[in-house]
Amino acid sequence: STVGSPAGGGVSPLGPAPPMWYHRDLSRAAAEELLARAGRDGSFLVRDSESVNGAYALCVLFQKHVHTYRILPDDEGFLAVQTSQGVQPKRFKTLPELVSLYLQPSQGLVTTLLYPVDREETAVSDDRDYSDGEDEKPPLPPRSASTSTPPGPDTPTDSPPAANGLSTISHEYLKGSYALDLEAVKQGACSLPHLNKTLVASCKRLNGEVDKVLSGLEILSKVFDQQSAFMVSKMIQQSVNQGGDQELENLVTKLAILKDLLSSIEKKALKALQDMSLSSPCSPPPLSMRHSKAIPVQAFEVKLDVYLAELTKIGKSQKYTLSVDVEGGRLVVMKKVKDNQEDWTTFTHDKIRQLIKSQRVQNKLGIVFEKEKDKSQRKDFIFASAKKREAFCQLLQLMKNKHSNQDEPDMISIFIGSWNMGSVPSPKSVASWVLCRGLGKTLDEMTVTIPHDLYVFGTQENSVCDREWVESLRAMLKEQTELDYKSIAVQTLWNIKIAVLVKPEHENRISHVGMSSVKTGIANTLGNKGAVGVSFMFNGTSFGFVNCHLTSGNEKIARRNQNYLDILRLLSLGDKQLSSFDISLRFTHLFWLGDLNYRLDMDIQEILNYINRKEFEPLLKVDQLNLEREKNKVFLRFAEEEISFPPTYRYERGSRDTYVWQKQKATGMRTNVPSWCDRILWKSYPETHIVCNSYGCTDDIVTSDHSPVFATFEVGVTSQFVSKKGLPKSSEQAYIEFESIEAIVKTASRTKFFIEFYSTCLEEFKKSYENDSQSSDNVNFLRVGWSNKQLTTLKPLLSEIEYLQDQHLLLTVKSLDGYESYGECVLALKSMIGSTAQQFHTYLSHRGEETGNIRGSMRVRVPSERMGTRERLYEWISVDKDETGGPKGKSTMMSRVGHEYVKPSAVRKQLGELGKVSEEGERSSKEETAARPKQDTADGDPSICKNSYNNPAYYILEGVPNQSAAAISPELLPSPTSTNPQAAKAPPPSAGARTKPPCATSAAPHPRRPMTGHPVRAISEEGSSEDDGGACMAGAQGGGTVGSTLNRPPPDFPPPPLPKGALEMVAEAPFSKPRPLYPDLAEVRIPATGPVAPLALGEGFRRGGVGGVGAGALDDQSCSVLQMAKTLSESEFPGQPPRAPSAPPPLRGQPMGLGLDACRTFPPRNPIPESIAEDMPEEALWGSSSSSLSVGESSVGEWLQRLGLERYEQGLLHNGWDDLEFLSDITEEDLEEAGVLDPAHKRILLESLRQQQQQK
């Protein structure tokens, strides 16, 4: 249909017949959807205006934006496009006349009108309404002339449904016209005009429908079936002009063409795509074809998070709808205004700059939009639930990925399932398993059907043969996703199986596939128990998956622990060069799943009562796996998502209503208490991206006595980096340089040691020279040090920062005498890049046991020509700990700031060596928060103890009774405020863990499942965050930092100064004199800060706030000396006496006096416009990994209270002015934006700030 075809001149503004591009009362959202589907610049349609009755809206697509022009009638009924003031509008009698003008170029619109978007279903519904006699408005004319005749007597307007009407036509013919045709034939006629007329009338609607279908398929036929395309186009053209006698013949021809087209187009399209794939076998399919199922537009009902300052703006609606069009790459933000009208804005994928998840409010999300070229705006929305927020983020990430111009993905999604099948075949459908439907943390229905990139199925007691099992999995995935997943590995040990399936588009990205198995059954020779594993590279990222079935039986904990250690040591997976490292360090991401068989240590009746009440926390406190992990016996530094589903074993087969806990064995009755036997854990390198989006079990698969368990993960991946500049010349070579390294190794040996360095960025592994310093204050520990001259400079293969920031270094400390490893660790290069040396600090482990710790100073020097980088897709979402105390926003926005991460330790030299912060810890804590799921306020914040490794003195205690040794730790920390800048403000009582002193336990200084059942999500499991922050997580999670004895009320203010003794002790630390590094206990003065019950050793080093411990724990001295050493070392000792609260202590994430401007001096990588500072908290803006809001908020609040202007606190905090250090930069305009509109109040605030500046 042509645009201007209906000539003007009629009285109706639409012309004699409404043109096809006129969509009447089409909604604004639907119009955008139609234009997005059209996709070409210059596509347009006209609809009724939603704001002015009798007016129209001309909607034009240009550069993926929809531009809308209002067409208003004047007093005389002439139509004109609304113009800016002073411009004379051109007036028209009808819409077609107006549109025909703008079909000409350069008429003032954003683009010439080129492609009309015709209405789709209106004609059909109107026909139906009209025939049913229900249409009050005149019906729109049908699509072609063949259907334009008004209904005759054969189709009365009040007729019953169409079928009856058509049968009436047939009756009419048989009653009357049939005789006329019979007479004609008798007289020698060769045609039946009356039957023809009857058939034409009967097929009247069909003709229009066929035209529509052909029009819809025209483009497809042009792409894939040029032969039929010519006929299709010809028929569409003819149908406009033809009628009368040829009409029926025409319809038959069209139906024949349609039949041929429909039957052949799929085969032809398949052949065309196969030809394309053969001509470029390595190229991935176009992004638009990544998902075979189109993802429908999803709408989320949200509320705008309105702050006090904004409530003054009258009539501001809080209800919004956010519509995500993944396929079209658009987000529509629609505000519901009064009178059922809507005000809405569309943002294309490239205009959505950042998503900021609130850590405190689990269903709150900040979205940063790019408004104009240099301006951004943040809006905070409250979703119906945390699950809805996650679904929204997932869809937006999918949209970003789909429309990215990157050839290789930054992020993939992984499904992991574990199921003990009970030696019977699976039911016909296990769809709930792969769709993560059931109990626990499940995916939202909006995202549940989006296919994952990888599916990993681990089964135990699986009696189905391999081929049949894999085919059944592929068929199930095909049914759910319409994709043919490829099996990349299947490994079996007896009835323990692991199968890995990958999306077809990723098949070429998988390499270095390895498989292995380990038997741990009777005498380690039977395969009824054991593990199977698969490893591979996905582009540049290594993955390992282990599925195991460990020893059963409530009491066989030690045997299960040994099974785990055997598998860790003996499973032969990953890079063979890394034989010095166990499999927990060989992979960027390692997933461990299976029937681990750890049970609950509690009376059966109590367990059942808790399950009935859905109270899982008390049970998780007695879960054997959690208890063993807390003692560092198994799964060192692994993470597990929070368990919020009932125990998955042992159910009565055939239902999920009853647990069967007694089992008759030959040896007698055996009790199997309900337990979480089936688990999924993971361990990832520091500063990598991994988020667990679901963890639960099904409730409808009942063939086994175990329920299947599922988990899904969002994982950052790196590409096989190809340097655009070729191999570096010597002048452009990057270097990894070490200033010094010091390790404390748990050994009684006194041999010399050297370090081996491994990395995929090195051509081969490198060795250091032997250590040049060595000392010991305890027979079981050795401190060894390497100075700069003993350490080799490493030269990476490529020198681009974009490559180096994804690389990791594996270190192993080996003895010179036996070349054996005494401990291994992994370091992320990302935080070490820069012109100045950075501190690192992490733990050493060997064969699954913690064997010491290692720290040092290093830098990664990158030449300026190789500094270009880009934002990763997963860096687009950050986590913001907003509004309440605790460090704010470990924001991944950091990646936007500059090539060098903002490094406090590099710019804080003046604070003294003791002020140095373990950079790796800070960075990894950022990732931790990104990966950790919900945690309510009382759960606290892992980084409260962020500086726990700042104190370089490591104390080794000899001859100290366990009780007093354990009691020292809390005593050294008289109050959180004296040693911890974050705690300078008294948090609200509900803040729970934030009021407690920095954690004194280090038995488990890493994010791990605490006994309370609250999870710790760590991305950077290997990083020092576990050491310098994670130690506190236990208590931070569940109420009780070290044990229940440490639940103290908020401290008094001002905080008591650090005791003199403690300060003197700091002054004697190794930076003032080289020895002794570890003073005797006598030198440690224990200040009295009020009664603190001494802790039993077991309590002191147990995580998770459990007051009492069993005798077994008290006798367990496996790591106690190391733990005490680290505990004391983790006390924070400021290099200067604490200041009064009115002058807030320096924030950890930034140096003293380092304002926003100073931070902007870092070389911008992807600079965010300055104006964003008005809308965003500055930590999200420039990436302070740990600016402390509790300090800032406290100071700002107290300052405003002093001035009597506390009403402005919310507005200032909302706009990011959360610290007095930065308020000195505030302008009048900033104050207005924060809601300070009264000129007198503005003057008071600015004057007060000026005075404060002068006092400094």
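Is Cys 548 buried or exposed? Cys 548 is buried, at a relative accessible area of 0%. Cys 393 is buried too, at 2%. This is a predicted model, and its disulfide count comes to zero.

Now for the greasy parts. The largest nonpolar core has 50 residues, and the ones touching the most other members are Ile 414, Ile 416, Phe 536, Phe 543, Phe 545, Phe 591 and Phe 713. Helix H14 (residues 604-612) supplies the largest share of this core, with five residues. A second, separate core holds 36 residues, among them Ala 734, Phe 753, Ile 755 and Ile 833. Back in the largest core, take Phe 536: leaving out residues up to four places away in sequence, Phe 536 touches residues including Leu 454, Ile 488, Val 500, Ile 510, Phe 543 and Phe 545.

On the charged side, the count is 44 salt bridges. Here are three of them:

| Pair | N to O distance |
|---|---|
| Arg 378 and Asp 880 | 3.2 Å |
| Arg 679 and Asp 623 | 3.0 Å |
| Arg 629 and Glu 640 | 3.9 Å |

Arg 378 sits in strand S12 (residues 375-383) and Asp 880 in strand S36 (residues 877-880), so this pair ties together parts 502 residues apart in sequence.

Arg 679 is in strand S24 (residues 678-684), while Asp 623 is in the loop between helices H15 and H16, 56 residues apart. Arg 679 counts as buried because its relative accessibility is 0%, and Asp 623 is buried at 0% as well. Arg 629 and Glu 640 are also both buried, with Arg 629 in helix H16 and Glu 640 in the loop between H16 and strand S22.

Terms used
Residues are numbered from 1 along each chain as its sequence is written. This is a predicted model: local features need pLDDT of at least 70, side-chain atom pairs count only at pLDDT 80 or more; totals for chains, interfaces and linings use all residues. Side-chain values use heavy atoms; hydrogens and water are left out. A disulfide is a pair of cysteine sulfur atoms within 2.5 Å. Buried means under 20% relative accessible area, exposed over 50%, partly exposed in between (1.4 Å probe, protein chains only). A nonpolar core is a set of buried Ala, Val, Leu, Ile, Met, Phe, Trp, Tyr and Cys residues joined through side-chain atoms within 4.5 Å. Helices (H or I, at least four residues) and strands (E, at least two) are DSSP runs, numbered from the N terminus. Contact means heavy atoms within 4.5 Å. A salt bridge is a side-chain nitrogen of Lys or Arg within 4 Å of a carboxyl oxygen of Asp or Glu.
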